[in-house]
Amino acid sequence: MQPDDQPPSNGALRTAPGPAPTQAWVTLEGANGVGKTYLARRALQHLGQRCVPLVELPDQAPALLPGQVIGTLRATGDLFLRTGHPRTETLLLAALQVHRHEATKAVPGQVVLEDRGPHSVAVYQAAVLSAEAPLDEAFAVAGRILELLAQWRPLPATTLLLVDDPDRCLERFEHRIGREASPSEVALMQRVTSLYRLFAGASPQPFEVLDRTHLDADACVRRIVAACDQAAALSQEPR
């Protein structure tokens, strides 16, 4: 399960100028099974009231509008919200990302810690939309989705990309869902891993990569907490 993560020939990713960040905002990204949610919860224990945590979009409360939209996308039972209408899914998920940014408020000194942000929508939906296309074409699609999102909400000032051995990620994913992953799920996860690695190398806002093959959970939590503290401190500096 080694990802094809050679950089595409079209160079660095560019995004259109969009809204400037107005809050301290740190986003965790990574493929399924890499341990984002687990590490975010541990970081929150250290950060306490200094942190405003945001769960993944699929974990939104079902009684609220975002949860209702997710519930509709889950109607087919697909864990990756694939209903057979990928363009509609992409627009709905992009709109939910904008909505959550508009609805989230942090007071000075606080930091938002987001479990999956705009890059997740861009990467996963590009993997779905361009499943049969070469990797560089899928990467271009992801860039266009991110460009659309960046016109409506700021991209995170700090993005932490968690990576791990793909087989280990698959093992965690299957443990969580209680069954073997289907071939289409495995293929999507492989594609997503490759696209994330390309973003890490090409994004104008560099990712900080936390490689779990070299860092244990405690070290990853310390890096997440440090990134949050730094983002909160920078947000209070005079502009």
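This is a predicted model: local features need pLDDT of at least 70, side-chain atom pairs count only at pLDDT 80 or more; totals for chains, interfaces and linings use all residues.

Entry 1: I found 5 strands forming an open sheet, in the order 2-3-1-4-5, with parallel pairing. Strand 2 and strand 5 (208-211) are the edge strands, and each of them pairs on one side only. A reminder to myself from class: strands of a sheet pair through backbone hydrogen bonds, either parallel or antiparallel.

**Entry 2: the overall layout.** Next I stepped back to the whole protein chain. I counted up the elements and got 8 helices and 5 strands. Reading from the N terminus, I wrote down β-α-β-α-α-β-α-α-β-α-α-β-α. Of the 239 residues in the protein chain, 50% are buried. Then I checked the contacts between residues at least 6 apart in sequence: 80% of them join residues at least 24 apart.

**Entry 3: strand 3.** I wanted to know more about strand 3. How many of the residues of strand 3 are buried? I got 5 of the 5 residues in 111-115, so strand 3 is largely enclosed by the rest of the structure. I then sorted these residues by side. V111, L113 and D115 are buried on one face, and V112 and E114 are buried on the other, so both faces are covered.

Then I looked up the partners of strand 3. Strand 1 (residues 25-29) pairs with strand 3 in the parallel sense, over 4 bridges. In that pairing, W25 has V112 as its bridge partner. Strand 2 (residues 51-54) also runs parallel to strand 3, joined to it by 4 bridges. There I noted that C51 stands opposite V111.

**Entry 4: helix 3.** Now for something lying over those strands. Helix 3 lies across strand 1, strand 2 and strand 3, and runs at about 160° to strand 3. I also checked helix 3 (residues 86-103) against helix 5: they pack at an angle of about 40°, with their axes 10 Å apart. That angle makes helix 3 oblique to helix 5. Helix 3 passes helix 5 in a right-handed crossing.

Which residues meet here? From helix 3 I listed T90, L91, A94, Q97 and V98, and from helix 5 I listed I145, L148 and L149. By class, this contact has 6 nonpolar and 2 polar residues, with no charged ones.

**Entry 5: helix 5 and helix 7.** I stayed with helix 5 and turned to another partner. Helix 5 (residues 135-150) packs with helix 7 (residues 183-202) at an angle of about 65°, and their axes are 10 Å apart. That makes helix 5 roughly perpendicular to helix 7. The crossing of helix 5 past helix 7 is right-handed. On the helix 5 side, the contact uses L135, A138, F139, A142, G143 and L146. On the helix 7 side, R191, S194, L195, L198, F199 and A202 take part. I sorted this contact by class too and got 9 nonpolar, 2 polar and 1 charged residues.

**Entry 6: A200.** Is A200 buried or partly exposed? Its relative accessibility is 24%, so A200 counts as partly exposed. Then I checked what A200 touches: leaving aside its neighbours within four places in sequence, A200 is in contact with L161, F207 and V209. L161 is 39 residues from A200 along the chain, yet their C-alpha atoms are separated by 7.7 Å.

Entry 7: L81 has a positive phi of about 60°. I located L81 in the loop between helix 2 (65-73) and helix 3. L81 is buried, with a relative accessible area of 6%.

R116 also has a positive phi, near 75°, and it is a residue other than glycine. Where does R116 sit? I found R116 in the loop between strand 3 and helix 4 (118-129). At 8% relative accessibility, R116 counts as buried.

Notes: Residues are numbered from 1 along each chain as its sequence is written. Side-chain values use heavy atoms; hydrogens and water are left out. Axes are lines fitted to C-alpha atoms, for helices over the stretch in contact, and angles run from 0 to 180 degrees between N-to-C directions. Helices (H or I, at least four residues) and strands (E, at least two) are DSSP runs, numbered from the N terminus. Angles under 35 degrees count as roughly parallel, over 145 as roughly antiparallel, 65 to 115 as roughly perpendicular and the rest as oblique. A crossing is left-handed if the near helix is turned anticlockwise from the far one by less than a right angle, and right-handed if clockwise. Contact means heavy atoms within 4.5 Å. Ala, Val, Leu, Ile, Met, Phe, Trp, Tyr, Cys and Pro count as nonpolar, Asp, Glu, Lys and Arg as charged, and the others, Gly among them, as polar. Buried means under 20% relative accessible area, exposed over 50%, partly exposed in between (1.4 Å probe, protein chains only). Two strands pair if DSSP finds at least two bridges between them.
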